[in-house]
Structure formats: C-alpha cells, structure tokens
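Subject: Structure handover

Hello,

Here is the structure we talked about. My notes on confidence, charged side chains and aromatic rings follow below.

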Amino acid sequence: MVVGICRSFRDRAADRCFHCFPCLSDPARRSSLGLKAALVVLHLIYAGILFLFDTDLIEKTKKEPWYTALYLLLFFATLVQYFITSGSSPGYVLDAMRAVNERNVIYKKSSTASKQPASSKNGSLIVTVERSQSDRHFQGSNPSSWTKLVMDLYPPGTSIRTCTCSYCNVEQPPRAKHCHDCDKCVLQFDHHCVWLGACIGQGNHCKFWWYICEETALCLWTGILYITYLKANTISKAWWNYAIVILLLIALSISIIFLLLLLLFHSYLVLTNQTTYELVRRRRIPYLSLYSLERLPSAQELEEKSRPYTCLDVLTCRCC
C-alpha cells in the first residue's frame, strides 16, 4: 500500500511538472536537456575546483587580472557558442521547400497584380501556409517548383523516386539525408550530435566548427592551469586536493585528445567540402557511387576558389 501511495504521488508530481514544463514530456527532449545541464555543470566543476584550490591563481588574478579575465571570457564564450549551436537549425528540407514555394506564390501574385488595370485597388498580400498534422506535405502552393528545382540538380535521366524520401515524402536535393533522431530531412547532412541534441547540417556546420575550436582551446588552457597547480611546491596542500585534481586532469586529457581529433577531422571535411556521412557512406550514396566524375569548373570558379582567404572571409564563414 505504501508503494502504491508513493507511486501515485510520483505520478502526480510528474504530471504537474509536465504541465508547467511541456518540453519535459518528450523523452528525447528530456534527455537532451539533461545532457546540456550535465555539460554546463561539468564546466562549472572544472572552473570552480581550479579557483577553489589554487591560491596561487587567486594571487596572480590580483596582480594580473587580465589573465583571469581572458580565461573567464573564453569560458563564457564557449558556453554561449554551445547553446547557439544546439539551438540553431541545421537547415531542413521542408523549410527550404516552403521558402521556395512561398517565393513562387508571391511571384505569381505580383505578376497577376501587375496585369490588373491601374485604376484597381490592390490590397496587402497575405501568404497562408497550411500544415497537416503529420507536417509532411506543403499545401496551398504548387510543389512542382520545388520538384523542378531539385531535379535540375541531378544528372539527366534520374528518376524522381530515387531522390524522394520514403519517410517525409519530399524530394531531397543532393547531399540531403533523413535524420531518424529529428525525424526530418536535413540539407547537407553531416551527423546527429548527441551532446548538442541537434543535427549538424548546412545551417550550423560552421557554428559547430567554431564551438569545437573554442572548447578545445578552453580545455587546453584548463589543463595547463591544472598542471601548474600540481607542479607548485606548496606544503600546505592536502593530499585529497591532489587526488581530485589528478582525477579531473586524467578525464580532461582524454577529452582534449578527443576534441583535437574531432577538430582536425572537421577541419579536413571543411577544406575538402565533404560531410561525415559522405565520407563514411561514400559507396552507399547513389550520387557519389554512380557519378564519381564531376564537371570541370569554369575559369571564374577557379579564380574565385584560388583567391586567398581573408579575415573577413573567416568571420563570414566563406571558408566553411
């Protein structure tokens, strides 16, 4: 009986929590929020232990406050970049299809309005987008514009069935793939990141690369501060302080190795204009296995690609 009372009390508390926070009712979003909270807590633990144990760092902060200020700036910039990347859209095929069809509707409306007599009064243009419950089809506009645009990207003679997603029932452009975790087709699909709780694609691959770069720099700087703390010859330090710092440093070293390899891997993908999915599944992708020979670039494209990158190009993500 006690177990039944506890179970009913737990169910009531869960229902109230889900009523106040609807996002927690979805198990996938709940696990994603849990991973994000765990990552933030992990960052705070590493920084907090450092400032709690290392008295030399506190003294150095009083003498050279810019050093600690730069570290804290990188710390908060990394967390901000993490949430920006996890909250950004990777570029879904459905959104691109709606944008193309909306532009087509607006063009047709404007061309029809321009053919009307000058004395007629035209009201404001309102484009209504209707969505079905399954959010699979785009209604209220002609889908042939999107189909024609997608089929022009494939070699002549390609069947429309080969480029239609069997889950979303939409035509996929080249390099797009259906993500089973997000249940949507993603443009230039790279992978689904569990730590971010989001897909990495055309819309946020550059943000993801910058996050890896900032996270790697933060971990390296934190590791240097931990090693400096261990090398300092202070008799007043307790043995358990050393044990905690050594355990954290071992875990941090593993993370640094993983982040460095990940940064080098994605830098290679950016420089070679590839994605993780294309590199791993190259033989199973139709447009890469059947059409391995690409067209020769024009002289203008060669001149554009041979132009060296500037700081403005890096900031505007032209290199990605």
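pLDDT is the predictor's confidence in each residue, on a scale from 0 to 100. The model is predicted; its protein chain has a mean pLDDT of 78, and 69% of the residues reach 70 or more. Residues 118-143 have a pLDDT below 50, and this stretch makes 32 contacts in the model beyond near neighbours in sequence.

Salt bridges

The whole structure holds 3 salt bridges.

- Arg175 pairs with Glu278, with the closest N and O atoms 2.7 Å apart. Arg175 is in the loop between H6 and S3 and Glu278 is in helix H9 (residues 276-280), so this bridge ties together parts that are 103 residues apart in sequence. Glu278 is buried, at 4% relative accessibility.
- Asp95 pairs with Arg98, and the closest N and O atoms are 3.3 Å apart. Both residues belong to helix H5 (residues 93-114), where a spacing of 3 residues puts them about one helical turn apart. Asp95 is partly exposed at 40% relative accessibility, whereas Arg98 is buried at 8%.
- Asp152 and Lys148 meet at 3.4 Å, N to O. Asp152 is exposed, with a relative accessible area of 53%, and Lys148 is exposed as well, with 55%.

A buried charge without a partner

Glu171 lies in the loop between helix H6 (144-151) and strand S3 (177-179). Glu171 is buried but has no salt bridge; Arg161, the nearest side chain of opposite charge, is 11 Å away. What does Glu171 touch, leaving aside residues up to four places away in sequence? The contacts are Val93, Trp146, Thr147, Val150, Ile160, Cys163 and Thr164.

Aromatic rings

There are 12 aromatic pairs in the structure. One of them is formed by Tyr46 and Tyr226, which are tilted at 55° between the planes with centres 5.9 Å apart. Tyr46 belongs to helix H2 (residues 27-53) and Tyr226 to helix H7 (residues 205-231), so the pair ties together parts that are 180 residues apart in sequence. Both tyrosines, Tyr46 and Tyr226, are buried. Trp209 and Trp210 form an edge-to-face pair, 5.2 Å centre to centre and 85° between the planes. Trp210 is partly exposed, its relative accessible area being 28%.

Ring pairs also join Phe51, Trp66, Tyr67, Tyr71 and Trp221 into a cluster. Within that list, Tyr67 has the charged end of Lys60 over its ring, 4.0 Å from the ring centre. Likewise, the charged end of Lys177 sits over the ring of Tyr277, at 5.3 Å from its centre.

Regards

How values were computed
Residues numbered from 1 in each chain as written. Predicted model: local features only at pLDDT ≥ 70, side-chain atom pairs only at ≥ 80, totals over all residues. Heavy atoms only, no water. Helix = DSSP H or I, 4+ residues; strand = E, 2+ residues; numbered from the N terminus. Buried < 20%, exposed > 50% of the residue type's maximum accessible area, 1.4 Å probe, protein only. Lys, Arg positive; Asp, Glu negative; His and termini not counted. Salt bridge = Lys/Arg side-chain N within 4 Å of Asp/Glu carboxyl O. Contact = heavy atoms within 4.5 Å. Phe/Tyr/Trp six-rings, centres within 6.5 Å; stacked < 30°, edge-to-face > 60°. Lys NZ or Arg CZ within 6 Å of the ring centre and 35° of its normal.
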